[in-house]
Amino acid sequence: MKHCLHVTIIVMAGVLMAAAAFADDTLLDTTDYSKQYILQLSGTVMNETFSGVQALLTLMPPAPYSTHPYQIIIQGFPKKNSRNSFFWNGDNAEMTAIANEITCTIHETYIKPVPMFFIFMSPELLKHTGALELQGNEGKKFAEKNALPTLINARAGSLKLNIYSNFISGTIWMKGYDPVEHAFVQYSANLYGRRSYNLHPKQELKK
């Protein structure tokens, strides 16, 4: 009986060590300053469904002042303020990390939004671009080309990630107040992607 118990303990210890080694390999190790992943986003915002949107996730060691296990920055790619993209800085949310799973939460606040946001085209904006004079898809394309998307600061939200050495998956939702629509709007998306290197998003400027 003691022999069986001894064998069981050894086997369990081996399994735990293997799991720990796998977890360590999935995130940063001592040779990594940071890791990048190029993400593909698909989801909904207000009444619009979107897909094919890209974002860049950077996973880094925590800042010296932070109590978080990692620092996570996500921003639109190839342009930081691309339509239906978002900006996330994990330092401004609560974070928990277990093995390769990371969860970040913005607790709901209606007093002061956090410095994280999503960008979408408020429907009301399309009424002031001259698009109503055009017909069908031509009018819609003209409106979307000339209207400047709305930046919505997050008042609540959650980011859940599964991060591995070469790929990543997860979900995000953010909610904020749209001053154009005079209503709260929720952004929700699924995300997945692969490891990338030395990418830098640009800031889109539209006159």
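**Exercise 1. Work out how phenylalanine 50 sits in this predicted model, and which ring it stacks with.**

Start with accessibility: phenylalanine 50 has a relative accessibility of 6% and therefore counts as buried, since the cut-off for buried is under 20%.

Next, look for its ring partner. Seven aromatic pairs are counted in the structure. One of them joins phenylalanine 50 and tyrosine 187, with 5.4 Å centre to centre and 25 degrees between the planes. Planes under 30 degrees apart count as stacked, and this pair is stacked.

Now place the two rings. Phenylalanine 50 belongs to strand 2 and tyrosine 187 to strand 11, so their pairing ties together parts that are 137 residues apart in sequence.

**Exercise 2. Find out how the rings of phenylalanine 118 and phenylalanine 120 are arranged, and which cluster they belong to.**

These two phenylalanines form a tilted pair, 6.3 Å centre to centre with 45 degrees between the planes. Both phenylalanine 118 and phenylalanine 120 are buried.

Then widen the view: Phe118 and Phe120 share one aromatic cluster with Phe50, Phe86 and Tyr187.

**Exercise 3. Trace the pairing partners of strand 1.**

Take strand 2 to begin with. Strand 1 pairs with strand 2 in the antiparallel sense, over ten bridges. Within this pairing, threonine 44 has threonine 49 of strand 2 as its bridge partner. The hairpin of these strands has two residues between them, and methionine 46 in that hairpin takes a positive phi near 55 degrees.

Turn now to strand 11 (residues 183-196), which also pairs with strand 1 in the antiparallel sense over ten bridges. Here valine 45 finds its bridge partner in tyrosine 187, the residue that stacks with phenylalanine 50.

Eight of the eleven residues of strand 1 (residues 35-45) are buried, so the strand is largely enclosed by the rest of the structure.

**Exercise 4. Locate the salt bridge and say which parts it ties together.**

A search of the whole structure gives one salt bridge. Its partners are the side chains of arginine 83 and glutamate 48, at 3.0 Å from N to O. Arginine 83 is in the loop between strand 3 (71-77) and strand 4 (86-89), while glutamate 48 is in strand 2 (residues 48-60), so the contact links parts 35 residues apart in sequence.

Key: Residues are numbered from 1 along each chain as its sequence is written. This is a predicted model: local features need pLDDT of at least 70, side-chain atom pairs count only at pLDDT 80 or more; totals for chains, interfaces and linings use all residues. Side-chain values use heavy atoms; hydrogens and water are left out. A salt bridge is a side-chain nitrogen of Lys or Arg within 4 Å of a carboxyl oxygen of Asp or Glu. Helices (H or I, at least four residues) and strands (E, at least two) are DSSP runs, numbered from the N terminus. Buried means under 20% relative accessible area, exposed over 50%, partly exposed in between (1.4 Å probe, protein chains only). Two strands pair if DSSP finds at least two bridges between them. Rings of Phe, Tyr and Trp (its six-membered ring) pair if their centres lie within 6.5 Å; planes under 30 degrees apart count as stacked, over 60 as edge-to-face and the rest as tilted.
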